[in-house]
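Subject: Structure for your review

Dear colleague,

Please find below the structure that I wished to hand over to you.

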Amino acid sequence: MIDLGTSPFTAAVEKLSAGTPIGSILKTAEWSRLPLELRESAFFSSTIVSSKWLEEAQSKILAAVSQTREKVARGTALMDRSVFVAEMRALGAELGLRPTDPSKVDTLQDPLSTRRLRLVFDMQTASATGYGEWKMGNDADMLDAFPAQELVRKEGRKAPRQWLKRWEEAGGKLVNGRMVALKTDAVWTKLSRFGRPWPPFDFQSGMGLIELDRAESEDLGLLTADDIVEPASAPFTQDMQADVSGMSPRFLAGLKAIFGQQVQIANGKAVWTGGTR
Amino acid sequence: MSDAVVKTQDFATPLLKEALATMTTGRRALLMSVAGATRQRLRAHFRARQAGDSKRKRRGWAPKYFWSGSRGQSVEENTQIGTVTSDSATVVIASPAFAMKLKGGTITPKRGKFLAMPLRAEAYAAGSPREWDNQTIRSEMRLVPIRSKSGNLFLAQVGDGNLRGLLGGSGLRLQYLLVRKVEQKADPNALPSEAEMGETIDKATDDHITRRLSRVPKNKPEGTK
């Protein structure tokens, strides 16, 4: 009746499966200029042009999250981050993805450095898990029983960002010094570097969420006993269009070819229209 | 996709069963509340495991956030609600490594010939030896296999006598012990006790029913026969 199982997290698998690999020379800051829905529909990594590499990266991360076993030397094995790092580095070397500038080798700008490959894996798995939890958290019954959440530090950092300041700048209120809000509050999206209401809210932040039950949420004054929290109808309510006037016509044509009718590009603007391709 | 749900345990309590038996509507909402509370209790347990004592901590090695972290791979983050219907709910711990902790068993190498056991903080932090990038690191930092007189096999860094740095000019730095298999004992504290889980479920059942009843006229209890 209340079963505990160890199967994959289906919603996280769905999120990862939905991304289309897109190779591009765009850097992270340039990607952030594209409409949010488009970014969420794409699987990309800063400055990686090779679709082959991206397809393989997506496939391996998907295998890890879906716990798919692959045939290996001595039977079958699960994918994990260390295998991802080793195999994506080997493929990248074959495809010539090492930076030609020696000063960039083994830095985050080197797509084959351990740090960068781990970052790709970590960001994708964290985002997929975060999305899955956001989706389940928006179920009406779930939202009624667990209407709020708290931003907390999950991992230590040598130089942590100023999250309290950032919280207040995003419009969040501190309750007894705690960064708490209803799950449907706009603060979560405003807090995020990526414009999403689920974690991770920034690269390697070490921050995460703890869900709060109804009683604690009421005690903290986030809602009253009679309040019904309406589920969010869609994850994004902003950034449906973006200024793409500085981007190369070739890249924009590529986006159009991949996303078809889902994106309209005209007069220096890319507008996400959704629907089917 | 891997196998379907591996059922580990059914935590339903007599109170929950009784409550469900008397309800004709709102059963899913009750089960969702209980599943949410179960997940919350499990997660608190995993956060406590992360903060608690461990062999790694006693050695002074940096954490990898196995139990609780923010990279989408910790046990806590992968403790999620699976399917919830008006008859049942599933809480999923989507972590094969956790399943091994829970049940115990023999771990054997699948991709290579050996399992690599870290012997130093830097090896533990670096993860598997396959993550070491031998193409870009200095030669004295590269891992080479060596065999001890007693027959043990290691991955080590070897100084050539003319180098400065980590190895102090020359010498051997053993990073990993290579083994054919590891016996992992079942961790009796991988999950909260059954008593704790039962308490959590009873409290969530009670809270949910109280909340529901407070929202409807007193002589018309919602969803009861």
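Predicted model: local features only at pLDDT ≥ 70, side-chain atom pairs only at ≥ 80, totals over all residues.

Residues are numbered from 1 along each chain as its sequence is written, chains are lettered from A and ligands numbered from 1 in the order in which they are written, and side-chain values use heavy atoms, with hydrogens and water left out.

Chain B overall

Chain B contains 6 helices and 9 strands; helices (H or I, at least four residues) and strands (E, at least two) are DSSP runs, numbered from the N terminus. Of its 225 residues, 42% count as buried, where buried means under 20% relative accessible area, exposed over 50%, and partly exposed in between (1.4 Å probe, protein chains only). The accessible surface of chain B is about 12,000 Å², and carbon and sulfur atoms hold 53% of it; these areas come from the Shrake-Rupley method with a 1.4 Å probe, and for residues only the protein chains shown count as cover. Among contacts in chain B with a separation of 6 or more, 59% are between residues 24 or more positions apart, a contact being heavy atoms within 4.5 Å.

Helix pair in chain B

Helix 1 (residues 14–22) of chain B packs against helix 6 (residues 194–214) of chain B at an angle of about 30 degrees, with the axes 8 Å apart. Axes are lines fitted to C-alpha atoms, for helices over the stretch in contact, and angles run from 0 to 180 degrees between N-to-C directions. The two helices are therefore roughly parallel to each other (angles under 35 degrees count as roughly parallel, over 145 as roughly antiparallel, 65 to 115 as roughly perpendicular and the rest as oblique). Helix 1 of chain B contributes Leu15(B), Leu16(B) and Ala19(B) to the contact, and helix 6 of chain B contributes Ile201(B), Asp202(B), Thr205(B) and Ile209(B). By class, these residues are 5 nonpolar, 1 polar and 1 charged; Ala, Val, Leu, Ile, Met, Phe, Trp, Tyr, Cys and Pro count as nonpolar, Asp, Glu, Lys and Arg as charged, and the others, Gly among them, as polar.

Helix pair in chain A

In chain A, the axes of helix 5 (residues 81–94) and helix 6 (residues 114–137) come within 9 Å and cross at roughly 125 degrees. Helix 5 of chain A and helix 6 of chain A are therefore oblique to each other. Residues making this contact include Phe84(A) and Met88(A) of helix 5 and Leu117(A) and Phe121(A) of helix 6. The contact residues divide into 6 nonpolar, 1 polar and 4 charged.

Individual residues

Asp106(A), in the loop between helix 5 and helix 6 of chain A, has a positive phi of about 70 degrees although it is not a glycine. Asp106(A) is partly exposed, at a relative accessible area of 35%.

Tyr65(B) is likewise not a glycine, yet has a positive phi of about 60 degrees. Tyr65(B) sits in the loop between helix 3 (55–59) and strand 2 (79–84) of chain B and counts as buried, at 14% relative accessibility.

Pro199(A) and Pro200(A) are joined by a cis peptide bond with omega of about 5 degrees. Pro200(A) belongs to the loop between helix 9 (187–191) and strand 9 (207–212) of chain A.

With kind regards
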